[in-house]
Amino acid sequence: MNVELTAVDKSYGGTQALRGVDLTLGTGITGLLGPNGAGKTTLLRVVATSIAADRGEVRLLGRDPHAGHAELTRVRRSLGYLPQELGYPSDMTTFGFLEYVAVLKEWNERRARRHEVRRVLDLVGLAEQSGKRIAKLSGGQRRRVGLAQALLGNPRLLVLDEPTTGLDPAQRATLRRTLSVVAHESTVLLSTHQTEDVAALCERVVVLADGEVRFDGTVVDLVATAVGQVWLADHEVPGAVMTWRTGTGRHRVVGGPHPPGAEPAEPTLEDAYLLMLGPSAASLPA
Amino acid sequence: MYSTLPARSSASLTSMVAIEARRFARHPLFLLGVVIALALEAWVFFADGVTVSEDTTHAIDMLSHPIIPAFFIGLTSLVVAARLTRSTEVSAEAMGTAPGTEAQRTLAVAGACLVPFVAGVAWLAELFILLQIRGVHPYELWFGTMNDLHVWSILVALGPVACLGGAVLGVLVGRWLRFPGAPAVAVVVVAIGTMVGSLPYSYTDQGHLRVWVPWAMWHTGTMSDGEAWEGVPGYAQAVLTGNPATYLLYALALCALAVAGAVWHDRTARTARLRLVCWGLVALVVALYLTTAFTGIEEMIVSRPIPPLEG
């Protein structure tokens, strides 16, 4: 297993961000879902060795990153991380920035390093922008530069915090294709607010709420939890976990008592996710 | 308890220094400073000569000239180095999870400070090329009238090494001072500190006290108004007390201490070895300061008057 977390806690001052999180990940893509403030970013930072857990056991790639600088460095040699917010030095070009990170990742031989930078630029579709200053790229392109730096060196553990933010549908499709290739040999853990990305990409999904794991299983299993709890009604239904008017003019009703006259609907991952969060889902930002 | 890592950091560091050196050399502020310094040197050189006959003009005040690169290359390099040091902080969360450490990133920018040092050497080369066009006045305190080691020490310490020192100080500022405009504040403090700390002592019995400042004066320049000033006769110039040779070493030791102080910012780098290096450098700096202040030139060396030579 590449990621093994056992009873992991993490607090910031008086706020408990993670509570007794247990998580084991092998190769493949795992999606992390949860509302804002659920602890997703904290969990990703722990897995990315950006911060240390307060309590519990963390083993990454078979090593304990808290067991000293040498072990931590060994883990980091096989790690790629895209933080939620990543800034860039204003004077650096796309190629220059990636080359700098490649050096930090110990690509010391110049020719091999440059070849690797060109490889990840191709992978994220930025080969044409390699000589441009990052400051002049669009938001989506900058996000892909961030992804490219995480992909340097084919890491065995790839941690991506909202990688699809700012990407248009075509770019998201490209990202899915890229990650599906990477996931053959690596562990990919990504967080996103886009349930369709998780449905399209991840074989496994973890739902986090209030710092606790609410669900850990396959996407199919999560969707199955919503079977029989989603309907299409002709009018708004009080008491539902979530209801909204669809483009057809009918109301989609998720959870709550069976509305009279409503017909059952095929649940989606989003329906199951909203049901998993329960009544608190109604207060989620749109 | 833990096995040691394979030694990959030195190769990484060399590659990082190369990248940072390219960034330094291309920085517009640094380039502007270099251009101004080289152009100003040529202008001052020809503007300050002493004409002794219709076709003969001699250069004077050569030991005062290093203030040109120190100011225009050294101080701009302080700002540039601070900015380079801080620039990667915006990506710190991603870079922080790579095997390369903050200490390595700091050392890389410190290594890139050789770029302003080389610019300072280029200024020195320009000075010697200009001297092929116009010779030095025979009474000038210069090679032949002063100990060659002292002359070289003053030129190198106050020129190229001052350029290096400004840049290295920038790395220190970039690591430790987080408020906006910190590099500009550091420039003002260095400039005011040099003037306030140095000038009141320069011509007194306590002249040795001046050498602690960031850029210590060694040469008075020619008193061209003909009036005696602070014991230096009109049309004469003076070299101040102290040991220029150890001052050069003192300046280099200060640079090394600044680098160590910047590396110390990285908590993971605070090993017993680095602590030992820091304390060793502090001891070296104190020893070299004392040597500089209390050995070498014991009394001001005053030149013969430098008016136009009698035909």
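This is a predicted model: local features need pLDDT of at least 70, side-chain atom pairs count only at pLDDT 80 or more; totals for chains, interfaces and linings use all residues.
Chain A has an open sheet of 3 strands, and 30 of its residues are in contact with 25 residues of chain B. The largest nonpolar core counts 168 residues.

**The sheet in chain A**
- Read across the sheet and you get the order S2-S1-S4, with antiparallel pairing.
- Strands S2 (15–25) and S4 (55–60) of chain A sit at the edges with a single partner strand each, so each has one side without a neighbour in the sheet.
- From one strand to the next, the twist averages 25°.
- Strand S1 (residues 3–12) of chain A runs antiparallel to S2(A), and 7 bridges join the two.

**The nonpolar core**
- Leu98(A), Cys113(B), Val168(B) and Val171(B) have the most contacts inside the largest nonpolar core.
- Take Val171(B): leaving aside neighbours within four places in sequence, its contacts include Ala81(B), Thr85(B), Val109(B), Cys113(B) and Ala262(B).

**Where chain A meets chain B**
- On this meeting of the chains, 30 residues of chain A are in contact with 25 residues of chain B.
- Helix H2 (69–76), strand S5 (79–82) and helix H3 (94–104) of chain A each supply at least two residues of the side that touches chain B.
- Sorted by class, that side of chain A has 14 nonpolar, 9 polar and 7 charged residues.

Key. Residues are numbered from 1 along each chain as its sequence is written. Chains are lettered from A and ligands numbered from 1 in the order in which they are written. Two strands pair if DSSP finds at least two bridges between them. Helices (H or I, at least four residues) and strands (E, at least two) are DSSP runs, numbered from the N terminus. Axes are lines fitted to C-alpha atoms, for helices over the stretch in contact, and angles run from 0 to 180 degrees between N-to-C directions. A nonpolar core is a set of buried Ala, Val, Leu, Ile, Met, Phe, Trp, Tyr and Cys residues joined through C-beta atoms within 7 Å. A residue is buried if 20 or more other C-beta atoms lie within 10 Å of its own, exposed if 12 or fewer, and partly exposed in between; C-beta atoms are placed from the backbone. Two residues are in contact if their C-beta atoms, placed from the backbone, lie within 7 Å. Ala, Val, Leu, Ile, Met, Phe, Trp, Tyr, Cys and Pro count as nonpolar, Asp, Glu, Lys and Arg as charged, and the others, Gly among them, as polar.
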